[in-house]
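Please look over the sequence and the 3D structure below. The report that follows takes up the arrangement of strands, then the packing of side chains, and then a few local features.

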Amino acid sequence: MAKENVEYWALAERDVDPVLSKKINVLIGKDHHFVVYLDENLGIQWSSKLTTWPRPEVLNKVARLESESSFIRDSNKLREIRSQVGEGLVRALSEPRTPPGEQRAGGHDIAMDILHSAEQWIQLENSTASRRWLTSAASFFGSLCALGMLVTICSASLDGWSLAFATAMSGGVGAWASVLNSRQTLNHIDARTGLTNHVLEAFAKIAAGVIGALLFALLVQGEFLLAFVKGSPALMLGFGLVCGVSERLLPTLIASVERAADQEAIESAKEP
């Protein structure tokens with residue numbers, strides 16, 4: 001059907017757009033010469049009899065915001081946000097055509113204002129979802145480490161390998177606390193990367209804490225460093241927590257082992 005013969009004003013929700021053949025799930029706006037709506041997948045659709053396209057900056061921002069909101073899993077919230085984005089497109093289609101370079105009436109860009117507000121809403125939802133996914137995943141892995149540490153403390157005499165294991169688990173608990181308390185981590189994650197990446201990020205941070213604390217325990221057991229800590233399980237667990245909290249401690253421990261190995265190799269080479 002030709003667009004010239006379509007009566008957009010007669011369209012309602014649950015009707016099928018005769019031009020795009022999409023079912024109108026949420027009707028955002030319509031006039032005699034255009035319609036803007038959300039389809040059954042909550043995608044933003046529009047059709048128009050206008051001979052010229054709406055402003056390219058509006059179309060670009062509508063497309064970008066639709067893409068950036070794809071991480072939202074709550075269908076009601078996604079419907080509200082995309083309806084607001086679509087409302088910005090309605091304003092662009094409704095406004096009088098303005099020659100390029102000419103200021104709009106009143107100097108106020110209503111369409112871009114609406115889209116900017118929707119963008120801020122999406123950014124807030126992005127931050128909230130990222131924090132929720134990362135902290136939930138870190139809490140799951142951290143809780144397992146806490147459980148392993150408590151079971152080891154309660155069921156075994158803390159010495160040798162049992163103490164090393166409990167120390168490693170305390171490193172996981174420390175990494176858990178680091179994730180929950182790190183503004184830098186929580187402020188530099190993006191929900192658009194998906195839930196799986198957030199789970200992997202949390203697992204990697206907890207695993208790094210466990211490995212760092214285990215390395216510390218092994219070095220203490222081998223009397224490589226802090227020999228006075230070896231006889232105190234409380235200090236071992238405390239230092240294990242520190243290993244998990246401090247992301248820089250594991251590289252420092254590895255560097256100290258490498259320096260010691262290099263020094264030993266040099267001294268061995270000097271021996272006759």
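This is a predicted model: local features need pLDDT of at least 70, side-chain atom pairs count only at pLDDT 80 or more; totals for chains, interfaces and linings use all residues.

Strands of a sheet pair through backbone hydrogen bonds, and the pairing can be parallel or antiparallel.

## How the strands are joined

Strand 1 covers residues 26-30 and is joined to strand 2 by four bridges, the two strands running antiparallel. Two of the residue pairings can be looked up in the structure. Val-26 has Leu-38 of strand 2 as its bridge partner, and Lys-30 has Val-35 of strand 2.

Strand 3 covers residues 44-48, and five bridges pair it with strand 2 in the antiparallel sense. Here Val-35 has Ser-47 of strand 3 as its bridge partner. The hairpin of strand 2 and strand 3 has five residues between the strands.

## The middle strand

Is strand 2 enclosed by the rest of the structure or open to the outside? Five of the five residues of strand 2, residues 34-38, are buried, so this strand is largely enclosed by the rest of the structure.

In a regular strand the side chains alternate between the two faces of the sheet. On one side of strand 2 are Phe-34, Val-36 and Leu-38, and on the other are Val-35 and Tyr-37. These residues are all buried, and both faces of the strand are covered.

In soluble globular proteins, nonpolar side chains tend to be buried together. The largest nonpolar core here has 27 residues, of which Val-36, Val-58, Val-62, Val-85 and Leu-89 touch the most other members. Two or more residues of this core come from each of strand 1, strand 2, helix 1 (56-68), helix 2 (75-94) and helix 3 (110-155). Which element gives the most to this core? Helix 2 does, with seven residues.

Leaving aside residues up to four places away in sequence, Val-85 touches Ile-44, Val-62, Leu-65, Leu-115 and Ala-118. Another core, of 18 residues, lies apart from the largest one. Its members include Ala-138, Met-149, Ala-166 and Val-179.

## Aromatic rings and a charge

A pair of aromatic rings is described by the distance of the centres and the angle of the planes. A search of the whole structure finds three aromatic pairs. In one of them, the ring centres of Phe-140 and Phe-141 are 5.3 Å apart and the planes are at 70°, so the pair is edge-to-face. Phe-140, Phe-141 and Phe-203 are linked by ring pairs into a cluster. Phe-141 is buried, with a relative accessible area of 17%.

The charged end of Lys-30 sits over the ring of Trp-9, at 5.4 Å from the ring centre.

Most residues other than glycine have a negative phi. Which value does phi take at Ser-21? Phi of Ser-21 is positive, near 60°, although Ser-21 is a residue other than glycine. Ser-21 lies in the segment before strand 1. Its relative accessible area is 58%, so Ser-21 is exposed.

Leu-42 is not a glycine and has a positive phi of about 60°. Its place is in the loop between strand 2 and strand 3. Is Leu-42 buried or exposed? The relative accessible area of Leu-42 is 7%, so this residue is buried.

Conventions. Residues are numbered from 1 along each chain as its sequence is written. Side-chain values use heavy atoms; hydrogens and water are left out. Buried means under 20% relative accessible area, exposed over 50%, partly exposed in between (1.4 Å probe, protein chains only). Two strands pair if DSSP finds at least two bridges between them. A nonpolar core is a set of buried Ala, Val, Leu, Ile, Met, Phe, Trp, Tyr and Cys residues joined through side-chain atoms within 4.5 Å. Contact means heavy atoms within 4.5 Å. Rings of Phe, Tyr and Trp (its six-membered ring) pair if their centres lie within 6.5 Å; planes under 30 degrees apart count as stacked, over 60 as edge-to-face and the rest as tilted. A charge sits over a ring if NZ of Lys or CZ of Arg is within 6 Å of the ring centre and within 35 degrees of the ring normal.
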